[in-house]
Amino acid sequence: MKLKVGQTIQKVGEVKSSHFMKMVNLLGFEHVEFDPTVFDDIEATIPTIRKHSVVLHAPFYSWWGYDLSSRNQSEKVEAYMKNVEKFASQLKAHSIVVHPPMDPEGDKAFFLENLNRLPITIFLENLPGQKLSDFERWYLETKAKTTTHTEICFDVPHSFLTHGRENLFNIPESLILDINYIHISELSSEKDCHWPFGTPGGELPFEKFVDFLHRIDFNGIINMEMMPADLQGINNLIDSYLKLKKLGTKFQYIMKKIRVSLIKPILLKKLQGVPLKAEPDKHV
């Protein structure tokens with residue numbers, strides 16, 4: 001498999017996206033996904049973008065209090081849309097992840113209007129509690145009404161929480177060819193914890209995940225939505241990156257392993273005492 005693997009970048013306390021990008025560049029991650037806080041640090045972040053694959057993540061209602069359907073908060077939506085239109089090319093962003101509308105007062109027409117304004121490919125994401133059959137229906141209907149190129153972000157923990165260990169990869173055939181982007185992280189049996197692999201209590205059936213990738217002949221991007229709480233968590237996140245890279249070509253894995261083996265001890269030493277605890281519910 002030809003895989004790109006990366007990590008979600010979000011502001012945590014006083015640590016901004018540009019600070020995290022310095023770590024990403026040291027480690028050699030080839031992909032990043034920016035949440036909306038990137039626009040609070042945009043001038044410092046743009047120069048850190050090298051040959052990365054870059055994806056944005058649109059605001060979603062459960063955290064931000066609005067989403068792209070929120071006509072009643074059109075000023076916030078418009079501010080976000082203008083940031084995407086202005087800075088997507090400077091960030092070299094090729095795509096944006098968008099959740100199904102969750103605002104109870106959301107406007108479907110307004111949502112579609114905003115999707116059609118987006119200047120980059122859209123990845124529509126399945127939600128926890130949303131059956132894949134329901135997501136299939138919504139996705140196909142939305143794609144048919146969207147002029148912007150649209151594909152799927154398959155969130156593995158969301159499917160686990162909805163369908164359980166045995167059925168999380170029972171994806172409708174009509175969706176498989178559109179899955180070119182994946183969200184992955186460790187989780188408990190009851191909560192989308194956004195842990196790195198190797199966290200005690202993790203329930204993700206990794207071998208089933210690997211089998212799924214081979215079954216659909218996946219050659220896209222795997223984004224780690226992992227929010228380490230401490231230095232051990234950061235160590236586990238870096239190891240998670242290598243675990244995923246090992247699924248790709250042997251040469252790329254060996255080169256990454258050499259680089260990470262040299263950089264990781266230096267980086268972890270520098271990070272001692274730095275408060276990096278993330279807010280685990282920020283990304284769902």
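These entries record what I looked up on confidence and pockets in this structure.

**Entry 1: confidence.** I noted that the model is predicted. I read its mean pLDDT as 94, with 96% of the residues reaching 70 or more.

**Entry 2: the largest pocket.** I looked up the volume of the largest pocket, which is about 370 Å³. I found 18 residues in its lining, and those nearest the pocket centre are Pro101, Lys108, Phe111, Trp138 and Thr142. Helix H5 (108–115) and helix H6 (132–144) are the elements that give two or more residues to this lining. H5 provides the largest share, four residues. By residue class, I recorded nine nonpolar, four polar and five charged residues in the lining of the largest pocket.

**Entry 3: the second largest pocket.** I noted about 260 Å³ of space in the second largest pocket. Its lining holds 15 residues, and Gly28, Phe29, Glu30, Lys51 and Lys256 lie nearest the centre. I traced at least two lining residues to each of helix H1 (17–27) and helix H11 (250–270). H11 gives the most, with three residues. I recorded the classes in this lining as three nonpolar, four polar and eight charged.

Conventions
Residues numbered from 1 in each chain as written. Predicted model: local features only at pLDDT ≥ 70, side-chain atom pairs only at ≥ 80, totals over all residues. Heavy atoms only, no water. pLDDT = per-residue confidence, 0-100. 1 Å grid on protein atoms, 1.4 Å probe; cavity = no way out; pocket = protein on both sides within 12 Å on 5 of 7 lines; lining within 4 Å. Points joined across faces, edges and corners; volume = space filled by probe spheres on them. Nonpolar A, V, L, I, M, F, W, Y, C, P; charged D, E, K, R; others polar.
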